[in-house]
Amino acid sequence: MAGYVLREIVEVPNGDFQVLRLWRRQVAALAVGLVDEYRRPALVPMTLVHPGYLREIFGALRDSAVVVHHFFLKGGAGAAW
């Protein structure tokens, strides 16, 4: 939801709010806050294809001592879409 809110406030050059540094910081801060406040795992379904953005968000989580388990689906030969 942070991305949709930001799109209403600031210009998003290519339409992808992930390019906004503030979006990446807000996503990490929200995840850290949820884990800290409610003391349970947070499941965050999200597509991060830019390796730098992934490192930035995951790095912020690790810096805050949030344990990260990263799962991704990868189609291979014969995968049905």
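One definition before we start. A residue counts as buried when its relative accessible area is under 20%, as exposed when that figure is over 50%, and as partly exposed in between. Take Leu-61 as the test case. Its relative accessibility is 10%, so Leu-61 counts as buried. Keep that cut-off in mind. And keep in mind that this is a predicted model.

Now the overview. The protein chain has 3 helices and 0 strands. Along the sequence, the pattern reads α-α-α. The C-alpha atoms fill a box of roughly 40 × 35 × 20 Å, taken along the principal axes. The chain has 81 residues, and 25% of them count as buried. What about contacts across the sequence? Take the contacts in the chain with a separation of 6 or more: 45% of them come from residues 24 or more positions apart.

Let's go helix by helix. Start with helix 1, residues 2–9, and helix 2, residues 21–38. At what angle do helix 1 and helix 2 pack? About 150 degrees, with the axes 10 Å apart. Angles over 145 degrees count as roughly antiparallel. So helix 1 is roughly antiparallel to helix 2. The crossing of the two is right-handed.

Who touches whom? Helix 1 brings Ala-2, Gly-3 and Leu-6. Helix 2 answers with Leu-22, Trp-23 and Gln-26. By class, that contact has 4 nonpolar residues, 2 polar ones and no charged ones.

Next, the rings. How many aromatic pairs does a search of the whole structure find? It finds 2.

Is Phe-17 buried or exposed? Phe-17 is buried, at a relative accessible area of 15%. Tyr-4 is partly exposed, at 48% relative accessibility.

Phe-17 also pairs with Trp-23. Why is that pair called tilted? The ring centres of Phe-17 and Trp-23 are 5.4 Å apart and the planes lie at 50 degrees, so the pair counts as tilted. Trp-23 is buried, at 5% relative accessibility. Put together, the ring pairs link Tyr-4, Phe-17 and Trp-23 into a cluster.

Stay in the loop for a moment. Gln-18 lies there too, between helix 1 and helix 2. Its relative accessible area is 10%, so Gln-18 is buried. What does Gln-18 contact, leaving aside neighbours within four places in sequence? Trp-23, Arg-24, Thr-47, Leu-48 and Tyr-53.

That list leads us to Arg-24, which is in helix 2. Is Arg-24 buried or exposed? Buried, at 8% relative accessibility. Not counting residues up to four places away in sequence, Arg-24 touches Gln-18, Val-19, Tyr-53, Glu-56 and Ile-57.

On to helix 2 against helix 3. Their axes come within 9 Å and cross at roughly 35 degrees. Again, helix 2 passes helix 3 in a right-handed crossing. From helix 2, the contact uses Arg-21, Trp-23, Arg-24, Val-27, Ala-28, Ala-31 and Val-32. From helix 3, it uses Tyr-53, Glu-56, Ile-57, Ala-60 and Leu-61. How do those residues divide by class? There are 9 nonpolar, no polar and 3 charged.

Now back to our test case. Leu-61 belongs to helix 3, residues 51–63. Which residues does Leu-61 touch, once those up to four places away in sequence are set aside? Ala-28, Ala-31, Val-32, Val-66 and Val-68. One distance to check on your screens: the C-alpha atoms of Leu-61 and Val-27 are separated by 9.8 Å, although the two residues are 34 apart along the chain.

To recap. Helix 2 contacts helix 1 through residues that include Trp-23. Trp-23 also takes part in the contact of helix 2 with helix 3. And Trp-23 belongs to the aromatic cluster with Tyr-4 and Phe-17. That's my tour. Over to you.

Definitions and conventions
Residues numbered from 1 in each chain as written. Predicted model: local features only at pLDDT ≥ 70, side-chain atom pairs only at ≥ 80, totals over all residues. Heavy atoms only, no water. Axes fitted to C-alpha atoms, helices over the stretch in contact; angles between N-to-C directions. Helix = DSSP H or I, 4+ residues; strand = E, 2+ residues; numbered from the N terminus. Parallel < 35°, antiparallel > 145°, perpendicular 65-115°, else oblique. Left-handed = near helix turned anticlockwise from the far one by under 90°. Contact = heavy atoms within 4.5 Å. Nonpolar A, V, L, I, M, F, W, Y, C, P; charged D, E, K, R; others polar. Phe/Tyr/Trp six-rings, centres within 6.5 Å; stacked < 30°, edge-to-face > 60°. Buried < 20%, exposed > 50% of the residue type's maximum accessible area, 1.4 Å probe, protein only.
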